[in-house]
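Subject: The structure we talked about

Hi,

Here is the structure I promised to pass on.

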Amino acid sequence: MSGTSVDGVDAAVIEVCGVPGESPQVKQIAFENKPYPIQVREDIFKLFDPIYATVDKVGTMNVLLGEIYAEAALSVIKKAGLIPSDILVIGSHGQTIYHAPEYEHFNGYDVHYTVQIGEGSVISARTGIPCVSDFRVADMAVGGQGAPLVPFTEYLLYREMDRTLLMQNIGGIGNITVIPADCSPEQVYAFDTGPGNMLIDGVVARLYQGELTMDTGGAIAQKGKINAELLHLLQQEEFYGLPVPKSTGRERFGSSYIDGLLRYTDEHGLASEDIVATVTMLTAWSIGDAYRRFILPNHPADVLFVGGGGSYNPVLLEFLRQEMEPMGVQVLTQEQVGLSSDAKEAIAFALLADYTIARLPNTLPNVTGAERAVVMGKISF
């Protein structure tokens, strides 16, 4: 897994037991995170700009990432004490460089699209293991938004008889999955809540150029004060009120958005610490706002499990508790219940690939807005 924060490659080895198509039992055998080389990370960020992302640069990075992902797979297999022939399949999400889930009319057709790179054929060739990649396009081909995909595995692994659960991932983008108590797959729903770490990382990188790329441990936000005027302005972003299902990415909350945000803060003389504190609060507010608008009226929840990089930011978690606990929702991290925030999405795509190989549908149409469930993923042998 390589997410919108572009921190690195998460690789997990899992063992899956049970009857295909029924509730699987999953055991994590090994996990590693491999940070991207600095130059590779910088080159990936350049590809988020369609003007720069020419076919030669995208093509080169597609193959290069295949090499990097293959190395990560072989490394974590070795860490697990296994050899490649022990592995049934590799599931690779790839690196998203553009996600356009809304339809546009083009040359007589209504089209929407998404672009993930990291060539599966290279991964398979270097490891000798079948690789499933490019998952999202199959869902989009039948009218879905191609996101979020992890709710399928969250339903399989986390559902409970007596409690309604919220699974909140805070990566570059925040997304939430609602798993009602004793629900069927058709009752699960999920959507993107808005920016996760994307604005926090983005403003930190710009305000502390050459020094920092993220607010590690919330240290900067801890020193700042929330600016009510800026927070109110940011809360007016139309995405928050859009109906679900919905998804978003850097196309909405990327560099152009940060440009406008920092112009405002320059004009009003805001301190760097206050800016970071305010966008950190925005992420927490956006999750609370999504719960109040779209979930609470029908499915009052018992607990919200937080995963992703944002779960390691204690300031963000405290803001989130201030949002959720007055509404009766307990906020816990994956680690507090004996799970792993780091490995969660890598495990999810391994399990999705297992379903692909078995030719079993691995989507929740109610989550993505698709016409029907499909088998996602392209297989490279």
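To start, in which helix is the place of Glu154? Glu154 is in helix α5, which covers residues 151-158. Before you go further, keep in mind that this is a predicted model.

Is Glu154 buried or exposed? Glu154 has a relative accessible area of 4%, and the cut-off for buried is under 20%, so Glu154 counts as buried. Two polar contacts involve its side chain. One joins the side chains of Glu154 and Thr177 at 2.4 Å. The other joins the side chains of Glu154 and Lys344, also at 2.4 Å. If you leave out residues up to four places away in sequence, Glu154 touches Arg159, Met167, Thr177, Ile179 and Lys344.

**Where α1 meets α2**

Next, look at helix α1 (residues 38-46) and helix α2 (residues 55-79). Their axes come within 12 Å and cross at roughly 140 degrees. That angle makes α1 oblique to α2. The crossing of the two helices is left-handed. Which residues make the contact? From α1 you have Val40, Asp43 and Ile44, and from α2 there are Met61, Leu64, Leu65 and Ile68. Sorted by type, the residues of this contact are 6 nonpolar, no polar and 1 charged.

**Helix α3 and its two ends**

Now find helix α3, residues 120-127. Its buried residues are Gly120, Val122, Ile123, Ser124 and Thr127. Among the elements covering them are α2, β3 (90-92), β6 (131-133) and β12 (378-380).

Glu119 sits in the loop between β5 (109-117) and α3. At the start of α3, a side-chain oxygen of Glu119 comes to within 3.1 Å of the backbone nitrogen of Ser121. Glu119 is partly exposed, with a relative accessible area of 26%. How many residues separate Glu119 and Leu65 in sequence? They are 54 residues apart along the sequence, yet 6.9 Å apart in space, going from C-alpha to C-alpha. Glu119 also touches Asn62, Val63 and Gly66, again not counting residues up to four places away in sequence.

Arg126 is found in α3 itself. Arg126 is partly exposed, at a relative accessible area of 45%. With residues up to four places away in sequence not counted, Arg126 touches Glu67, Ala70 and Leu74. Just after α3 comes Gly128, which takes a positive phi of about 75 degrees.

**Helix α6**

One last stop: helix α6, residues 198-207. How many of its residues are buried? The count is 7 of its 10 residues, so α6 is mostly covered. The buried ones are Met198, Leu199, Ile200, Asp201, Gly202, Val203 and Val204. What do they pack against? Their partners are the strands β8 (173-179) and β9 (189-195), along with the helices α7 (219-223), α9 (250-253), α10 (255-267) and α11 (272-295).

Cheers

Technical notes. Residues numbered from 1 in each chain as written. Predicted model: local features only at pLDDT ≥ 70, side-chain atom pairs only at ≥ 80, totals over all residues. Heavy atoms only, no water. Axes fitted to C-alpha atoms, helices over the stretch in contact; angles between N-to-C directions. Helix = DSSP H or I, 4+ residues; strand = E, 2+ residues; numbered from the N terminus. Parallel < 35°, antiparallel > 145°, perpendicular 65-115°, else oblique. Left-handed = near helix turned anticlockwise from the far one by under 90°. Contact = heavy atoms within 4.5 Å. Nonpolar A, V, L, I, M, F, W, Y, C, P; charged D, E, K, R; others polar. Buried < 20%, exposed > 50% of the residue type's maximum accessible area, 1.4 Å probe, protein only. Polar contact = N/O pair within 3.5 Å; in protein donor to acceptor, adjacent residues only side chain to side chain.
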